[in-house]
Structures are given as C-alpha cells and as structure tokens.
Amino acid sequence: MSLSTSLTPPAPSVPAGELHPSAVLDGSGDPALPSTASPVGRHVLAELGGIDPSVLDDVDRLRTDLAAALTESGAQVRQIVTERFEPQGATVVAVLAESHASIHTWPEHGGMHVDVFTCGESADPVAAVQRLAERVGARDTALQVVDRGGAPRTVTEPIAEGLTRRWELGRVHHVAHTGFQKVVVAQTAQGVTLFCDDERQSTEHTQLTYHEALFWPGALLARKLERVLVVGSSEGVASELAVAAGATRVDHVDIDTEAVRICAEHLPYGYTPESLAAAERGDGPVHLTYGDGRRFVLDSTEQWDLILVDLPDERPDEPDAQINRLYEESFVQACADRLTEGGVLVFQAGSPAVWRDATLRSAWQRFHAVFGATGGRGVYIGCEEHEWAFLAGVREPMADPGGTAAARLAQLPARPELWDEVSLRHRLVAPLALRRATG
C-alpha cells in the first residue's frame with residue numbers, strides 16, 4: 001500500500017512524544033539512514049508503587065539508592081540535588097555524564113515517578129530503574145522506553161482510538177521522509193516490514209496473504225483479464241500477480257516515486273530494482289506512472305477489466321487528509337465508469353474487527369450505492385491477514401460471487417497459493433452486520 005494522491009507534498013510531521021529523524025544524504029545523493037554520530041539514547045519513564053511511605057520521605061536514603069542504582073547500571077553520577085517538601089514528598093535529581101535521572105515521590109500514595117535518560121551504550125536506563133525498584137522495595141513497576149535520536153528502534157502504530165501497537169525493530173534498512181510520508185523499512189518479528197507514517201503496510205511473512213486477497217477474488221470475478229489498473233500498492237506485488245494471471249497490460253499509478261523505489265531496493269518481495277526500472281520505462285507488460293491516482297482515473301478515457309485501489313486506511317478522524325479523496329463515493333463511481341463490460345473494481349477497505357470496522361462499513365455503503373445502481377453489487381472479500389478486508393464491485397447481477405470465482409479458478413494460467421475453490425466460496429460472504437446494513 002502507498003499514497004496515491006496529494007495536492008502538494010506535506011511537510012514531514014513528528015508525532016508528539018516521538019522523535020523520528022529525517023533521512024540524510026550519504027554523499028552519493030541517495031537517501032541514507034539517520035546519522036548515529038548524533039546523540040542517541042533511551043529515555044525510561046517509570047512508576048513504582050507499593051513502597052513504604054517512610055522510604056519515600058527519606059531524602060538521604062533516596063539519594064543513596066538512586067546513586068547506587070545508576071552506578072550499578074553503568075552510569076557516571078556527577079552530582080545529585082535533593083529537595084524535601086512539607087508535609088511530605090521529595091524530589092531527587094541526578095546529573096549524569098550520560099544525561100540525567102530524577103525521582104518524585106508521593107508517600108501518601110506509596111509511589112514514585114522516575115525518569116532516567118542516558119545517551120550512548122555505556123549505561124542501561126532500564127536496569128537502573130529495575131535496581132532502584134529493588135532497593136526501595138517497590139511491589140509494582142510499570143515503565144516505558146522512548147528511543148531518542150538515531151535510527152528508530154521501535155514503531156508505535158495507531159490501531160484505533162485509544163489503542164496502539166508497538167513494533168520492536170531489529171536492523172533498520174532505510175528511513176526516509178519522502179515529502180508525502182515517512183517510510184521505514186526494518187526487520188521485525190514478521191520479517192522485513194514496511195511502515196508508512198508509522199502504519200504497518202506489509203511484512204515479509206504475511207504480504208502474500210494480503211496481496212492474494214487483494215488480487216485473486218477480483219481477478220476471478222472479472223469476465224476477462226487483459227488490462228489491469230493498480231492505484232497505489234507501492235510494493236509492486238499486485239502488478240506482478242496480474243501479469244502472472246495473464247494480464248497483457250498493467251498500468252500502475254503511484255504518486256510517491258521515492259517510496260516505490262525504496263520498496264524495490266529493500267523489500268524481498270514485489271519489484272526488484274531491475275523490474276521497477278523496466279516498469280518505469282514501460283518495457284514490458286507493466287507501465288508505471290508516477291502521479292496522482294485520482295487525477296489519472298478522472299482524466300483517463302481508457303477502460304480496464306480489473307481496477308485495484310490499494311491504499312493506506314481511510315482517515316475519518318482527519319477529514320482533510322488527502323487520502324480520503326480516494327475513498328469518496330465520487331471516486332468509486334469514477335473507477336466504476338472506467339471498467340470494461342464485466343469488469344471489476346477492488347478496494348482495500350479496512351478491518352472487519354467490530355471495534356475498528358467503521359471504514360469498512362462506510363465503504364460497503366458506497367459500493368452498494370454505486371454498483372447497486374447498475375443492477376450489480378458489492379462483494380465482500382475476507383482475508384486471513386485480519387487487519388484488512390477488501391470490497392469488489394461488479395456492475396451486473398451476480399447471485400453467488402464465491403461460486404462464480406471458484407468456477408473460473410481453473411481457467412487462468414496461474415493459481416493462488418493461499419486460495420482454493422472452498423476458500424473462495426466461504427470468504428466472499430459478507431459479515432452479517434454488513435448484509436443487514438444494505439438489506
């Protein structure tokens with residue numbers, strides 16, 4: 001998935017509470033990882049509870065315990081300042097060669113707030129907090145670690161309102177602000193992983209699950225498969241699947257040139273640098289255009305047998321977000337108008353999980369309005385990569401989409417790895433909530 005529309009490239013944004021360094025140049029003019037010669041550190045924020053109130057009011061003991069915990073964890077303590085408050089409570093601040101540490105106590109609540117920030121690798125701020133907790137007899141410890149400077153060590157992905165997911169990063173292959181989005185390619189527990197604006201777009205271990213759900217059901221519902229349009233999908237997997245399935249012409253449109261080239265260079269799936277260069281030249285069945293996908297469709301007079309719109313999720317909480325323009329009913333209609341007779345439109349449509357399915361329900365209503373007007377219908381496509389579902393639009397009556405797709409499976413020159421006739425019949429049935437929404 002990738003961005004495919006924007007009026008002007010937005011300035012890189014930095015979410016509050018996180019530092020994400022911009023890419024620098026390595027002297028060759030190519031984007032490189034952020035320099036790790038600049039200060040790189042970890043900031044640990046902790047809450048310790050279940051502590052004897054008398055300990056929390058004893059500034060001399062707190063001073064000694066903090067100094068010992070820091071020293072044992074590899075830090076160099078330069079000076080410590082203490083302050084006791086009336087009627088109770090204390091603050092202890094340590095200046096370190098590596099940065100600083102502080103304690104703020106609330107005896108009446110049996111707890112303290114602690115922060116330890118260290119630059120470099122000589123001191124371990126997590127160990128410092130853990131040793132302090134042992135020394136003061138804390139029964140409860142809660143901490144979070146914020147990476148500061150250098151290549152990111154984690155990505156905090158927004159999932160739903162009030163809910164995030166934290167990805168631990170291994171080797172970071174590339175970090176860049178492209179002018180349209182922040183792109184990170186890094187090793188995770190799911191293999192090489194692509195993040196755009198902190199949202200996971202695809203992973204080495206599950207990308208085929210995602211991309212086959214995006215491509216194959218729609219391809220099997222289409223009456224023929226000669227010309228395919230792909231909007232977004234910067235990894236290039238969808239374009240390659242279309243060629244393997246027999247398409248003789250694939251038009252791929254993506255606005256973010258740098259993101260597409262990063263994917264080809266660093267992801268072990270999709271375009272390679274060589275196949276991407278051929279697509280950019282139009283040398284072969286794939287013709288890649290860098291531009292606004294919405295404008296490309298609106299200005300086109302051509303028609304396609306299959307149109308795939310593969311983008312980051314719609315953002316209803318950001319009404320002015322450029323990406324939302326490609327989810328509007330008017331754009332769905334424009335895509336439907338560019339289909340051949342018997343052609344199919346497929347959209348990435350969000351998650352079917354009941355606690356985050358608002359965008360899926362909205363997209364379902366749009367597809368029902370656009371394709372129902374022609375006697376056709378929207379078709380739900382379920383995916384084992386449960387983060388996402390897809391919607392297909394057909395402009396003619398189709399009572400049993402799953403049965404139709406299953407019957408056509410043997411007719412194409414290639415077969416999916418993760419779909420068979422049984423899965424096609426079952427995964428093309430919409431959840432009851434969606435079916436009830438449109439009668």
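Which residues does the UniProt annotation "binding site" cover? I started there, keeping in mind that this is a predicted model.

**Entry 1: the annotated pair**

I looked up the record, an unreviewed UniProt entry, and its "binding site" annotation covers His211 and Glu235. They are spread over 25 residues of sequence, yet they cluster in space, with a largest C-alpha distance of 9.9 Å.

Buried or exposed, I wondered about His211? His211 counts as buried, because its relative accessibility is 0%. Then I listed its contacts, skipping neighbours within four places in sequence: Ser233, Glu235, Val237, Ala238, Leu241 and Asp310.

Glu235 itself sits in a loop, between strand S15 (227–232) and helix H5 (237–244). I checked its accessibility too: Glu235 is at 0%, so it counts as buried.

**Entry 2: cysteines**

How many disulfides does the count come to? I got 0 disulfides. I wanted to know why, so I went through sulfur distances, with the cut-off for a pair at 2.5 Å.

For Cys196, the closest cysteine sulfur is in Cys263, at 6.5 Å, which is too far for a bond. Cys196 counts as buried, since its relative accessibility is 3%.

For Cys383, the closest cysteine sulfur belongs to Cys196, 18 Å away, so that is too far for a bond as well. I noted 14% relative accessibility for Cys383, and it counts as buried.

**Entry 3: Leu412**

Next I picked a loop residue. Leu412 lies between helix H11 (401–408) and helix H12 (421–427). Its relative accessibility is 21%, so I filed Leu412 as partly exposed; the buried class is for values under 20%.

What does Leu412 touch, once residues up to four places away in sequence are not counted? I found Trp216, Leu220 and Ala245. I also logged a C-alpha separation of 9.4 Å between Leu412 and Ala219, which are 193 residues apart along the chain.

**Entry 4: a helix pair**

I turned to helix H9 (residues 329–337) and helix H10 (residues 358–372). They pack at an angle of about 40 degrees, and their axes are 10 Å apart. That angle makes H9 oblique to H10. I wrote down the handedness as well: the crossing of H9 and H10 is right-handed.

Which residues of H9 and H10 meet? On the H9 side I have Glu329, Val332, Gln333 and Ala336. On the H10 side I have Arg366, Phe367, Ala369, Val370 and Phe371.

**Entry 5: whole chain**

Last, I zoomed out. I counted 13 helices and 21 strands in the chain. The C-alpha atoms fill a box of roughly 80 × 55 × 35 Å along the principal axes. Of the 439 residues in the chain, 54% are buried; His211 and Glu235 are among the buried residues.

I also looked at how far apart in sequence the contacting residues are. Taking contacts in the chain between residues at least 6 apart in sequence, I find that 64% join residues at least 24 apart.

Technical notes. Residues are numbered from 1 along each chain as its sequence is written. This is a predicted model: local features need pLDDT of at least 70, side-chain atom pairs count only at pLDDT 80 or more; totals for chains, interfaces and linings use all residues. Side-chain values use heavy atoms; hydrogens and water are left out. UniProt positions are given in the numbering used here, feature names are shortened, and annotations may be inferred rather than shown by experiment. Buried means under 20% relative accessible area, exposed over 50%, partly exposed in between (1.4 Å probe, protein chains only). Contact means heavy atoms within 4.5 Å. Helices (H or I, at least four residues) and strands (E, at least two) are DSSP runs, numbered from the N terminus. Axes are lines fitted to C-alpha atoms, for helices over the stretch in contact, and angles run from 0 to 180 degrees between N-to-C directions. Angles under 35 degrees count as roughly parallel, over 145 as roughly antiparallel, 65 to 115 as roughly perpendicular and the rest as oblique. A crossing is left-handed if the near helix is turned anticlockwise from the far one by less than a right angle, and right-handed if clockwise.
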